[in-house]
Amino acid sequence: MSDLEDDETPQLSAHALAALQEFYAEQKQQIEPGEDDKYSIGIIEENWQLSQFWYSQETALQLAQEAIAAVGEGGRIACVSAPSVYQKLRELCRENFSIYIFEYDERFAMYGEEFIFYDYNNPLDLPERIAAHSFDIVIADPPYLSEECLRKTSETIKYLTRGKILLCTGAIMEEQAAELLGVKMCTFVPRHTRNLANEFRCYVNYDSGLDCGI
């Protein structure tokens, strides 16, 4: 190659090169997150086509702390279509709790054996290793605000739980939630990272710390 051709080859400035290297580093981190941040909310981006809307950090923390208090050390917690609560739980508790994430989105398979593929259309299509009534509490956030989705998700909840239920869904589902699961609305109002058109609420069937008037 001649000297003239060398001169004509485009060269990146030091600033542009540094920016490009930072971009590639961020992309690699998203694909291969480190152990310290693999449970961070938002490490997996929302997919609106799957009706995914992550909780705010404050709400995820409140719900995770509620679950921990409800089951006690060594308890078993199932997060059904509630990945941000699972992530916050694992961020808080790396040991002493058995926590599973039941999720349709297979990107969450990054969590290994704690990931259980779940399609609410087949509410009892679960692995044999997931025994009936094997969780101290089930936290569930059905992906769609419809009677059908809540009814089918309720089948899963009742199969999994030993008793305690923490349901997060729209305020408009209050009557159906009470009929299907015997839960009552709490005064605590969950928030999402994005403002949603529908009001969301929490419902429980036990005396909880979410200020529920049971």
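Reader: In which helix is alanine 64 found?

Author: Alanine 64 is found in helix H3. Keep in mind that this is a predicted model.

Reader: Why is alanine 64 called buried?

Author: Buried means under 20% relative accessible area. Alanine 64 has 0% relative accessibility, so alanine 64 counts as buried.

Reader: What does alanine 64 touch?

Author: Leaving out residues up to four places away in sequence, alanine 64 touches Val85, Lys88, Leu89 and Leu92. A contact here means heavy atoms within 4.5 Å. The C-alpha atoms of alanine 64 and isoleucine 139 are separated by 9.3 Å, and these residues are 75 apart along the chain.

Reader: What makes up the largest nonpolar core?

Author: That core has 31 residues. Leu63, Ile77, Cys79, Leu89 and Leu166 have the most contacts inside it. Elements that give two or more residues to the core include helix H3 (57-71), strand S1 (76-80) and helix H4 (83-92). The largest share, six residues, comes from H3.

Reader: Which residues does leucine 63 touch?

Author: Not counting residues up to four places away in sequence, leucine 63 touches Tyr55, Val85, Ile139, Leu166, Cys168, Phe188, Cys202 and Leu210. There is also a second, separate core of 23 residues, which includes Tyr100, Phe102, Leu150 and Val183.

Reader: Which residues of H5 are buried, and what covers them?

Author: The buried residues of H5 include Cys149, Leu150, Ile157 and Leu160. Lys152 of H5 is buried too. Their cover includes S1, S2, S4, S5 and helix H6 (174-181).

Reader: How many aromatic pairs does the structure hold?

Author: The structure holds six aromatic pairs.

Reader: Why is the pair of tyrosine 100 and phenylalanine 135 called edge-to-face?

Author: Two rings pair if their centres lie within 6.5 Å, and planes over 60 degrees apart count as edge-to-face. For tyrosine 100 and phenylalanine 135 the values are 5.8 Å centre to centre and 80° between the planes. Tyrosine 100 lies in strand S2 and phenylalanine 135 in strand S4, so the pair ties together parts 35 residues apart in sequence.

Reader: What makes the pair of phenylalanine 102 and phenylalanine 135 edge-to-face?

Author: Their ring centres are 5.9 Å apart and their planes are at 80°, so the pair is edge-to-face. Phenylalanine 102 is in strand S2, 33 residues from phenylalanine 135 in strand S4.

Reader: How do you know that a charge sits over the ring of phenylalanine 135?

Author: The cut-off for distance is 6 Å from the ring centre. The charged end of arginine 76 is 4.5 Å from the centre of that ring and sits over it.

Note on methods:
Residues numbered from 1 in each chain as written. Predicted model: local features only at pLDDT ≥ 70, side-chain atom pairs only at ≥ 80, totals over all residues. Heavy atoms only, no water. Core = buried A, V, L, I, M, F, W, Y, C linked by side-chain atoms within 4.5 Å. Buried < 20%, exposed > 50% of the residue type's maximum accessible area, 1.4 Å probe, protein only. Helix = DSSP H or I, 4+ residues; strand = E, 2+ residues; numbered from the N terminus. Phe/Tyr/Trp six-rings, centres within 6.5 Å; stacked < 30°, edge-to-face > 60°. Lys NZ or Arg CZ within 6 Å of the ring centre and 35° of its normal.
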